[in-house]
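Work through the exercises below with the sequence and the model at hand. Each task is followed by a solution in steps.

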Amino acid sequence: MVTLLTYAGDVPANAPVLRTGGVPLAPAGFEWPHCAKCGGPMMFLAHLPVDAGVVSVFMCQNQPGLCEEWDPAAGSNRAHLYPADAALPPVSAHPDGPTLLPVVNGLRPTESAADEYPDAVTAWSEAGNERRDALGQLGGEPCRLQADEDPACPGCGRTMDFALMLEAGRDYRSGMNFGGDGWGYVFTCAGCERAAFLWQC
Ligand SMILES: [Zn+2]
Ligand SMILES: [Zn+2]
């Protein structure tokens with residue numbers, strides 16, 4: 001069984017639902033993350049309520065490819081994990097640089113009987129859906145494009161739990177920059193309230 005994340009249409013920019021794009025929801029005192037490499041403000045990518053809590057993902061896009069923004073530990077992306085019941089008001093976009101995606105895509109968990117992501121996507125397409133509307137996988141086993149790079153939790157040191165995978169997007173407008181046809185991976189450690197993000201292509 002694979003749970004696909006499929007396109008759920010346009011949703012409000014501040015909707016507290018699974019989405020890419022829009023604005024971050026974050027606790028009081030939140031400070032917009034800046035890239036450790038270039039110093040610029042990161043781009044907000046996704047708001048992701050999952051089992052472990054609410055994940056909020058950012059990635060530097062000030063000089064794509066030069067900031068090692070695929071690396072979970074380089075400081076050029078950021079994933080926060082907030083408790084599911086945390087008060088998370090919308091945050092205004094940082095005014096400098098590319099800090100928001102141009103399109104908001106709602107994501108809908110969609111069960112598939114297939115065992116692996118590529119087969120689930122094929123079945124989804126053959127059922128009459130558009131291939132580009134299959135936008136990722138929720139939970140289960142990650143389908144990796146490269147070797148296993150599952151990160152160790154910076155809090156407790158254990159390998160973090162795979163939460164979900166995101167495809168770049170439906171088209172160039174909504175797309176996140178994962179090196180072309182790459183996929184982004186979100187990991188969590190609920191006990192430490194940590195999340196991590198990486199992408200492979
Ligand atoms: Zn940067
Ligand atoms: Zn931990």
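**Exercise 1: a tryptophan in a loop**

Trp70 is found in the loop that joins E4 and E5; helices (H or I, at least four residues) and strands (E, at least two) are DSSP runs, numbered from the N terminus. The model is predicted: local features need pLDDT of at least 70, side-chain atom pairs count only at pLDDT 80 or more, and totals for chains, interfaces and linings use all residues. Residues are numbered from 1 along each chain as its sequence is written, chains are lettered from A and ligands numbered from 1 in the order in which they are written, and side-chain values use heavy atoms, with hydrogens and water left out.

Task: state which residues Trp70 contacts, leaving aside neighbours within four places in sequence.

Solution. 
- Step 1. Contact means heavy atoms within 4.5 Å.
- Step 2. By that criterion the partners of Trp70 are Gly65, Asn77, Phe197, Leu198 and Trp199.
- Step 3. Trp70 has 34% relative accessibility and so counts as partly exposed; buried means under 20% relative accessible area, exposed over 50%, partly exposed in between (1.4 Å probe, protein chains only).
- Step 4. Gly182 is 112 residues from Trp70 in sequence, with 9.8 Å between their C-alpha atoms.

**Exercise 2: Met176**

Solution. 
- Step 1. Beyond four places in sequence, Met176 touches Thr20, Leu45, Leu101, Leu166, Glu167 and Ala168.

**Exercise 3: the zinc site**

Task: name the protein donors of the zinc ion (ligand 2) and assign the geometry of the site.

Solution. 
- Step 1. Donors are N, O and S atoms within 2.8 Å of the metal (3.2 Å for Na, K and Ca); water is not among the atoms, so sites may look incomplete.
- Step 2. The SG atoms of Cys153, Cys156, Cys189 and Cys192 lie 2.3 to 2.4 Å from the zinc ion (ligand 2).
- Step 3. These donor residues follow the spacing C-x2-C-x32-C-x2-C.
- Step 4. Four donors count as tetrahedral if all angles lie between 85 and 135 degrees. The angles among the four donor atoms are 106 to 111 degrees, and the site is tetrahedral.
- Step 5. Cys189 is buried at 2% relative accessible area, whereas Cys192, at 29%, is partly exposed.

Definitions and conventions: Four donors count as tetrahedral if all angles lie between 85 and 135 degrees; four count as square planar and six as octahedral if opposite donors are over 155 degrees apart and all others between 65 and 115; anything else is irregular.
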